[in-house]
Amino acid sequence: MSKSGRFSWFYFSSPQSFYPLAGTLQPWFAALAVILCAVGLYISFFVAPTDAQQGESYRIIFIHVPAAWMSMFLYLVMGFWSGVGLVFNTRLSSMVATALAPTGALFTFIALWTGALWGKPTWGTWWVWDARLTSELILLFLYIGFMALQAAIDDQRRADKAGAVLALVGVINVPIIYFSVKWWSTLHQGASVSMTGAPTMAKTMLLGMLIMALGFWMYSIAATLARVRCVILERERHTDWVAAEIGAQT
Amino acid sequence: MIRALGWVLRRDLLLAFRRRGDVVNALVFFVIVVSLFPLGVGPEASQLRNMAPGVLWVAALLACMLSLARLYAPDHQDGTLEQMLLAGEPLVVLVMGKVISHWLMSGLPLVLIAPLLGLQFDLPGDALAVLCVSLLIGTPVLSLIGAVGAALTLGVRGSGVLVALLVLPLYVPVLIFGAGSVGAVASGTGAEAHLMLLGGFLALSLVLAPWASAAALRIAME
């Protein structure tokens, strides 16, 4: 792939060569996301059977559970790219971490919001201080902190590195926070509400959930690639190739 | 290395002693916040006893966080921090010295005055003792984690609010087990487990936080 003809992993670590690659891949991932979400939503609304105890209202978990998975997974991915950016000093890794944060925060918010919508008919309340809900809320705070820190620092290099240190500190803390909140809530109110105790799930329900999770995953990749392209253009605007790129489009 | 640690400690304590107002202000803030709660929720003794651990711990979190602005910012402004980074001693040791002095000036006074405030909330004697022990183990963790946040936001605009946003979510485990230990005594289950977990947090943050704070300081001063 590189000019000498040999494939090199580092070829695409330069923003200039990654930009067109991201542009090529992005529509494919977006299309996959649309298809998978459409199939997943069809299964979850029309194929999956009605739950015996919760009725139709349970169907929101087809969005809620994949969103919660993605919210935690994206934080780990963000921490990974932050670490790579900090260790190898690659600008693109930090840009990817920056581009991941809003998507992660979005999924965290969706998970909280749909959780509240599900909790009202099922538990009879919008919000309980359950371990999962509380740690998800704190995860949202961590995402917001990461974005706020990067937004507050004008010097781009410093913003990248400071965000990376914060993301890594967060990655160490997320399991600690999760288990703290878990023990705290079991101490306080007993395991009155838990989703782990749900009876064995019908196969179609699980299938719908997995397809939705895959769809959300593809959406995350597509959204991150689109956002990283914007970040690249913004930060490399002083270079010749960006000027040529923009000139070619207008 | 030990000499460098002692030097930073002595210097920071001397500076704090010359400007006693800063230390006293954080302490008064703690007392005022705690005293506001009975006014807000009513003076029934049983209710106050129930919420005392949480109120005292949240107030301690806030007081510790507010004093983080003093950790690096004055040294950053007068250029001392730059000289510290250039010094031959490992930066982690210097950070450690600053964290210890921060705890001595902001954490330890809270530990000492907490029993008095606990009495206002009608806490029994054994709960007061556990409150002191939990604060004694927990407040150093607050200083250590706070040092990371303070270094990350050094010289950034709006750093006062930003440091709250970064640091408070990370304080959650300490709050849970700090307040939980006092609550556990009240409910008769014993506080050992909570205090041991707090000790675990202290050990973990003692290893990781000075290192992360030093890394963040280097990034800030680049």
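How many residues does α6(B) have, and how far does α6(B) reach from its first C-alpha to its last? The answer is in point 4.

1. **Basis.** This is a predicted model: local features need pLDDT of at least 70, side-chain atom pairs count only at pLDDT 80 or more, and totals for chains, interfaces and linings use all residues. Residues are numbered from 1 along each chain as its sequence is written, while chains are lettered from A and ligands numbered from 1 in the order in which they are written.

2. **Confidence in chain A.** The mean pLDDT (the predictor's confidence in each residue, from 0 to 100) of chain A is 84. In chain A, 89% of residues reach 70 or more. Confidence is highest in α2(A), at a mean of 91, and lowest in helix α7 (residues 240-249) of chain A, at 80. Over residues 189-194 of chain A, pLDDT stays under 50. For that stretch the model has four contacts beyond four places in sequence. Two residues are in contact if their C-beta atoms, placed from the backbone, lie within 7 Å.

3. **Make-up of chain A.** Chain A has seven helices and zero strands. Both are DSSP runs, numbered from the N terminus: helices are H or I with at least four residues, strands E with at least two. From the N terminus on, the order is α-α-α-α-α-α-α. Of the 250 residues in chain A, 39% are buried. Buried means 20 or more other C-beta atoms within 10 Å of the residue's own, exposed means 12 or fewer, and partly exposed lies in between, with C-beta atoms placed from the backbone. Among contacts in chain A with a separation of 6 or more, 78% join residues 24 or more positions apart.

4. **Helix α6(B).** The opening question can now be settled. α6(B) has 30 residues and reaches 43 Å from its first C-alpha to its last, close to the 44 Å expected at 1.5 Å a residue. The expected span is 1.5 Å times one less than the number of residues in the helix. A kink of about 40° lies at B:Ala114, shortly before the proline B:Pro115. The bend at a residue is the angle between axes fitted to the seven residues ending there and the seven starting there.

5. **After α6(B).** B:Asp122 follows just after this helix, in the loop between α6 (91-120) and α7 (125-152) of chain B. Its phi is positive, about 65°, although B:Asp122 is not a glycine. Most residues other than glycine have a negative phi. Why does B:Asp122 count as partly exposed? Because B:Asp122 has 15 C-beta neighbours inside 10 Å.

6. **Helix α3(A).** This helix (residues 91-123) has 33 residues. The reach from first C-alpha to last is 47 Å, close to the expected 48 Å. α3(A) has a kink of about 25° at A:Leu100, shortly before the proline A:Pro102. A:Gly124 follows α3(A), with a positive phi near 85°. In the loop between α2 (61-88) and α3 of chain A sits A:Asn89. Phi of A:Asn89 is also positive, near 60°, in a residue other than glycine. A:Asn89 is exposed, because 12 other C-beta atoms lie within 10 Å.

7. **Contact between the chains.** Chain A gives 23 residues and chain B gives 22. On the side of chain A that touches chain B, the elements giving two or more residues are α4 (131-152) and α5 (156-189) of chain A. α5(A) gives the most, 14 residues. By class, this side has 18 nonpolar, three polar and two charged residues. Ala, Val, Leu, Ile, Met, Phe, Trp, Tyr, Cys and Pro count as nonpolar, Asp, Glu, Lys and Arg as charged, and the others, Gly among them, as polar.

8. **Nonpolar core.** A nonpolar core is a set of buried Ala, Val, Leu, Ile, Met, Phe, Trp, Tyr and Cys residues joined through C-beta atoms within 7 Å. The largest has 137 residues. Those touching the most other members include A:Val165, B:Leu56 and B:Ala216. α7(B) supplies the largest share of this core, 15 residues. Leaving aside neighbours within four places in sequence, B:Ala216 is in contact with A:Ala162, A:Val165, B:Val148, B:Ala151 and B:Leu152.

9. B:Asn50 lies in helix α3 (residues 45-66) of chain B. B:Asn50 and B:Gly183 are 133 residues apart in sequence and 7.6 Å apart in space, C-alpha to C-alpha. B:Leu36 and B:Val148 are 112 residues apart in sequence and 30 Å apart in space, C-alpha to C-alpha.
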